[in-house]
Amino acid sequence: MLNMIYLDFAASTPLLPSVKDELFRAFEEEYSNPSSAHKLGRSSAEKIENVRKIIADSIGAYKSEIVFTSGASEANNLAIKGYVLANSKKGKHIITSAIEHKCILAICHFLEKEHGYEITYISPQKNGIIDSQDVIQAMRDDTVLVSIMHVNNELGSIQPIELIGKACFERNIKFHVDAAQSYKKIAIDVDELNIDMLSISAHKIYGPKGIGALYIRDLRETRIQPVIHGAGQEYGLRGGTLPTPLILGFGAAVEDKTIESTFAKVNHLNISLRTKIIEIGGTINSPDKNYIPHILNIRLPNFDAVNFVAYSNYQCSQGSACSSLNIEMSYVLRAIGLTLQEGNQSLRISLSNFSSYEDIEKITISLKKGA
């Protein structure tokens, strides 16, 4: 493992020192059940409520609108299934995109097959960006929900969330956004963007795995059907004892400003990598504007991405980590018009403040040899 170079930060991230310190402290000291009435339980509960406020403040919400989940996938399930199944009388039409995270697509397929919902899948433009007008034109009187991710996890493309949110608000349609890849990389204000529900995950921002959150606007007045029933935790929406150490580690990751303060560095790394890939005869699949610099999808002629991912010292991926073990072509790359051959010649490299110009230089040399 000593020679491995990790360039798969969009899949998951290591713990920041501040997060590791708080996480391990909490595992040692915060072992009581936060629902308990005794002093230790109340102390843990107070610290959890502080993290709830930290997350809420980071997106311009109220702490009473934050529900803790096991991650973004559960948050997506609670948002979409929870809302539409509790509000089926409002309509059974959902709008999403063809390049959402597989979790969203699986939820929509379930609702389509088992509950008779009609799903409209908006195709992206060739640059991986959804045209807001396509979403708006697909809206109907029976549209109950629109779910569009903020940043695509394979291309890094930033979607026009503000325009879509405005249209949803004007038509009284609930708007859900999967922000797992954008949170802390792009400023998010749920009021300015007219977002009704927002999913985030700790392990994408150098926090622990197994913890995430869902923002729900006006939570107490919004009808949501629980996905996990329990003993009334999380406003009755998500049963189960709250994992205090994970939540406190999540809070430490949100408060740590490493991602924000190193954004310019990551941007420079992205520009450098783009330049070098083009110099060796490659193509950039990611858009040339409206993207986060942390994700870059590239394509090289006569290149075997499957073997490179499996056998090289560079830890990167062909697509999202959730589907990279499958040998089939990325559905995201197919959606932007790539052929099977081009898809198999493509690689997702995701960067962070831990990345270096030396990493960029080394992988470019290896890609040139492998091309």
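This is a predicted model: local features need pLDDT of at least 70, side-chain atom pairs count only at pLDDT 80 or more; totals for chains, interfaces and linings use all residues.
The cut-off for buried is under 20%. Gln345 sits in the loop between helix 12 (340-344) and strand 12.

Leaving aside neighbours within four places in sequence, Gln345 is in contact with Ile298, Arg299, Leu300, Pro301, Asn302, Phe303 and Ala305. Strand 10 covers residues 295-299 and is joined to strand 12.

Strands of a sheet pair through backbone hydrogen bonds, in either a parallel or an antiparallel sense. Here 3 strands make up an open sheet in the order 9-10-12, with antiparallel pairing. Strand 9 (283-284) and strand 12 (346-350) are at the edges with a single partner strand each, so one side of each has no neighbour in the sheet.

Strand 10 and strand 12 run antiparallel and are joined by 5 bridges. In this pairing, Ile295 stands opposite Ser350 in strand 12. Helix 9 (residues 263-279) lies across strand 9, strand 10 and strand 12, and runs at about 0 degrees to strand 10.

Strand 8 pairs with strand 2 and with strand 7. Strand 2 (residues 66-69) runs antiparallel to strand 8 and is joined to it by 4 bridges. Phe68 has Ala213 in strand 8 as its bridge partner. Strand 7 (residues 197-201) pairs with strand 8 over 5 bridges, also in the antiparallel sense. In this second pairing, Met197 stands opposite Ile216.

## Two nonpolar cores

Which residues have the most contacts inside the largest nonpolar core? They are Ile55, Phe68, Val146 and Phe250, in a core of 62 residues. Helix 7 (residues 244-255) gives this core its largest share, 7 residues. A second, separate core has 23 residues, including Ala79, Ile119, Leu214 and Leu219.

Not counting residues up to four places away in sequence, Ile55 touches Ile66, Phe68, Tyr183, Ile200, Ala213, Phe250 and Val254. Among these contacts of Ile55 are Phe68 and Ala213, the bridge partners that link strand 2 and strand 8.

## Helix 3

Helix 3 (residues 72-86) has 15 residues. Its span from first C-alpha to last is 20 Å, close to the 21 Å expected at 1.5 Å a residue. The helix is mostly covered, with 13 of its 15 residues buried.

## Met4

Where is Met4 found? Met4 lies in the segment before strand 1 (5-6). Its relative accessibility is 33%, and Met4 therefore counts as partly exposed. Partly exposed is the class between buried, under 20%, and exposed, over 50%.

Apart from neighbours within four places in sequence, Met4 is in contact with Asn313 and Gln315. Met4 and Ile66 are 62 residues apart in sequence, and their C-alpha atoms are 38 Å apart in space. Ile66 is one of the residues that Ile55 touches.

Definitions and conventions: Residues are numbered from 1 along each chain as its sequence is written. Side-chain values use heavy atoms; hydrogens and water are left out. Two strands pair if DSSP finds at least two bridges between them. Helices (H or I, at least four residues) and strands (E, at least two) are DSSP runs, numbered from the N terminus. Contact means heavy atoms within 4.5 Å. Axes are lines fitted to C-alpha atoms, for helices over the stretch in contact, and angles run from 0 to 180 degrees between N-to-C directions. Buried means under 20% relative accessible area, exposed over 50%, partly exposed in between (1.4 Å probe, protein chains only). The expected span of a helix is 1.5 Å times one less than its number of residues. A nonpolar core is a set of buried Ala, Val, Leu, Ile, Met, Phe, Trp, Tyr and Cys residues joined through side-chain atoms within 4.5 Å.
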